[in-house]
Amino acid sequence: MFDLLSFNWETLLINIGIKALKIIGIFIAFFIVKKIGNKVIDRIFTNLQNKQNISIGRTHTLQKLMENILSYGLIFILVASIFGIFEIPVASLIAGAGIVGLAVGFGAQGLVSDVVTGFFLLLEKQIDVNDYVTIGAIDGVVEAVGLRTTQIRGFDGTLHFIPNRDITSVSNHSRGNMRALVDIGIAYGEDIDQAITVMQEACDKVAADNPVIIEGPNVIGVQALGVSDVVLRVIAKTENGEHWGVERQLRKAIKEAFDVHGIEIPFPHQVTIHKNGESPQKMGQA
């Protein structure tokens, strides 16, 4: 029988204390090495960007990936070190993991697909950090491209984590110049040629004051005949990511120019008919 009185509790407590101190030391070393490693990676990619003229987005993408790989590697070393403290043979553990891996291999297909897809996303430079992209039904700005997931920050502030295997098609809106497109409706009774002239003058003033406009803006003419308006279209080329601001500026300038020249921008109307014999009333509806 186990004799509690004869058992050397002092030795046990000392061994437990030593192992606890070793584990604490390993965790401290883990965080220190990770922090130093991230700083070294940041410095390497900063120098690489300056010397090799690599884009900021591409630099951030590769930097995040290297930090990801460093974290996984350090976690593996951390676990192996803890096993060593408890005298668990790492080699037999890896061999056992291989056998278990065969059993769960089918369940890990998604993980493998994530890694492979992420690798090709980076290799083919489909997306980089800070790119404005559309992936499926999600629009937003890329914050990180990892081995398992890609992080997209939506315009409402939501951070979307998309498994790489679910990325079947990517629309990258941040490659090359962007197009600013503005449609303005005028009343059917207005002079179309006069409206086009007024719009073009307003566009020229905007272009003269806004350096992000690369080409245009140009009034290309009648785009559509609506229910209550004639739609005129304006197109311009802008620097990447600046088209929304240019579109807002163009709408404001054209509206102000129309007000000065008395050109009507129509809005929907409704007619109310009273059955008691009163005259119909025409009401405006914004």
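1. Basis. The model is predicted, so local features need pLDDT of at least 70 and side-chain atom pairs count only at pLDDT 80 or more, while totals for chains, interfaces and linings use all residues. Residues are numbered from 1 along each chain as its sequence is written, and side-chain values use heavy atoms, with hydrogens and water left out.

2. Surface patch. Leu-21, Ile-24, Ile-28, Ile-32, Ile-36, Val-40 and Ile-44 make a nonpolar surface patch of about 670 Å². Patch residues have over 30% relative accessible area and no salt bridge; like charges are joined within 9 Å, and nonpolar side chains (Val, Leu, Ile, Met, Phe, Trp, Tyr) within 5 Å. A salt bridge is a side-chain nitrogen of Lys or Arg within 4 Å of a carboxyl oxygen of Asp or Glu. Areas come from the Shrake-Rupley method with a 1.4 Å probe, and for residues only the protein chains shown count as cover.

3. Val-40. This member of the patch sits in helix H1 (residues 9–52). Helices (H or I, at least four residues) and strands (E, at least two) are DSSP runs, numbered from the N terminus. Val-40 is partly exposed because its relative accessibility is 42%; buried means under 20% relative accessible area, exposed over 50%, and partly exposed in between (1.4 Å probe, protein chains only).

4. Aromatic pairs. The whole structure holds four aromatic pairs. Rings of Phe, Tyr and Trp (its six-membered ring) pair if their centres lie within 6.5 Å; planes under 30 degrees apart are stacked, over 60 edge-to-face, the rest tilted. One of the pairs is Tyr-132 with Phe-155, edge-to-face at 5.3 Å centre to centre and 70° between the planes. Tyr-132 is in strand E1 (residues 132–135) and Phe-155 in the loop between strand E3 (149–153) and strand E4 (159–163), 23 residues apart.

5. Aromatic cluster. Phe-155 also pairs edge-to-face with Trp-244, with centres 5.7 Å apart and planes at 75°. Trp-244 lies in helix H6 (residues 243–261), so this pair ties together parts 89 residues apart in sequence. Tyr-132, Phe-155 and Trp-244 form one cluster. Tyr-132 is buried at 15%, Phe-155 exposed at 53% and Trp-244 partly exposed at 33% relative accessibility.

6. Sheet. An open sheet of three strands runs E6-E8-E7 with antiparallel pairing; strands pair if DSSP finds at least two bridges between them. Strand E6 (178–186) and strand E7 (213–225) are the edges, each with a single partner strand, so one side of each lacks a neighbour in the sheet. E6 and strand E8 (residues 230–238) pair over nine bridges. Val-182 has Val-234 in E8 as its bridge partner.
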